[in-house]
Amino acid sequence: MRQFQLLIKPVGDRCNLRCKYCFYLGTEERFDGHLDPQKRAADVMDDDILEKMAAEFLSYRMPQSIFCWQGGEPTLAGLDFFRRVVEFQTKHGGRGQVVGNAFQTNGVLIDRRWARFLAEYKFLVGLSIDGPRDIHQTMRGNSFDAAMRAAQLFRQFGVEFNVLSVVSQANVGRAAEVYRWFVSRGFNNLQFIPCRELRDDGSLTAESITGEQFGDFLIAIFDEWWKDDVRKVSERNIDSAIACYVTGQPTTCTYHARCSDYLMIERAGEVFPCDFFGRPEWLLGYIGERPLKQYLENVREEKFGKLKLQVPAECRECEWWQMCHGGCPRDRAPDGRSHYCEGYKKFFAATAARLKQLAASLRMNK
């Protein structure tokens, strides 16, 4: 069987912030009348579901068994919940089995106990920070100090973490400033994630950015990144483009030729093909109804696997097809092209010569 990961939402979409651009807002209402209300009654994933999920996933003895925890806000499940996570992983994992945990948080509830735990069990953490205080708090409320305090604690206790920064109308015109602000504060592992949310009539929300804006943002980030000969900063869009020139394959799910191999598990044990498709019409089933590998290899392919390939012929003929493969299916416009198409083209064209030069150097130094 092929390698896959689990993306788990132990508290569903519950969060202690209400960020203006959050794509999970309103998700619970969409579930009403579609999913079993008794199963969804609990605010936190039940231990029986948690253990059943961990036991089966670890029974496959894959080279790496990766659990990705997000929300909503996963710290709302409580530290004792994640202590039980580790207990179940230890109980059901085999000798020498590689088990990893990734954890995405807004940082609000992170304290010394959390930081010590995450460091001890080597969780890889994604911390949400959108930039300087005025930018961050435009979309994420009065949470800047909490996020920066979390970063300080992660460093103090040796937690490995990266920064997830949403690109919205609050920061899209300030790319170089945002990049320099992050780097000057020692944030060297960055992920810039574009904001695209739609109103009921299909128009973009006020917080969302256009494809061209995202392209200009990435070019400005790249120009700042390129100035540093040491190349000490990792940014996922740049890293993916470099990988294409070095290996011929992108590294980011958005740009893969096929959607990444993982299943999303909601708090009541519902199984979905992806966190962007966690809606009633995409429900694959529940934990325990079928083996997880069957959800991945059969049910997911039938309902979801073909979406990535549904692009216009012009996309496959584009000179940048191998770099983006049409982007994420979630971002497709009615004509099948990515909302970010023009932005991707601008970014790939503006950086091609320099990245080819860098790729040639990297291959020589292998």
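This is a predicted model: local features need pLDDT of at least 70, side-chain atom pairs count only at pLDDT 80 or more; totals for chains, interfaces and linings use all residues.
Is aspartate 331 buried or exposed?

Residues are numbered from 1 along each chain as its sequence is written, and side-chain values use heavy atoms, with hydrogens and water left out.

View 1. Aspartate 331 is buried, at a relative accessible area of 8% (buried means under 20%, exposed over 50% and partly exposed in between, with a 1.4 Å probe and protein chains only). Leaving aside residues up to four places away in sequence, aspartate 331 touches Arg196, Arg337, Ser338, His339 and Tyr340 (contact means heavy atoms within 4.5 Å).

**View 2. Packing of helix H8 with helix H9.** The axes of H8 (residues 211-226) and H9 (residues 236-247) come within 10 Å and cross at roughly 80 degrees. Axes are lines fitted to C-alpha atoms, for helices over the stretch in contact, and angles run from 0 to 180 degrees between N-to-C directions. H8 and H9 are therefore roughly perpendicular to each other (65 to 115 degrees; under 35 is roughly parallel, over 145 roughly antiparallel and the rest oblique). From H8, Phe214, Leu218, Ile221, Phe222 and Trp225 meet Asn237, Ile238 and Ile242 of H9. This contact has seven nonpolar, one polar and no charged residues; Ala, Val, Leu, Ile, Met, Phe, Trp, Tyr, Cys and Pro count as nonpolar, Asp, Glu, Lys and Arg as charged, and the others, Gly among them, as polar.

**View 3. Packing of helix H4 with helix H6.** The axes of H4 (residues 112-120) and H6 (residues 144-157) cross at roughly 45 degrees and come within 9 Å, which makes H4 oblique to H6. Arg112, Ala115, Arg116, Leu118 and Ala119 of H4 form the contact with Leu153, Phe154, Gln156 and Phe157 of H6. By class, six nonpolar, one polar and two charged residues take part.

**View 4. Leucine 6 and its contacts.** Not counting residues up to four places away in sequence, leucine 6 touches Met53, Phe57, Ile66, Phe67, Cys68, Leu263, Ile265 and Leu292.

Methods. Helices (H or I, at least four residues) and strands (E, at least two) are DSSP runs, numbered from the N terminus.
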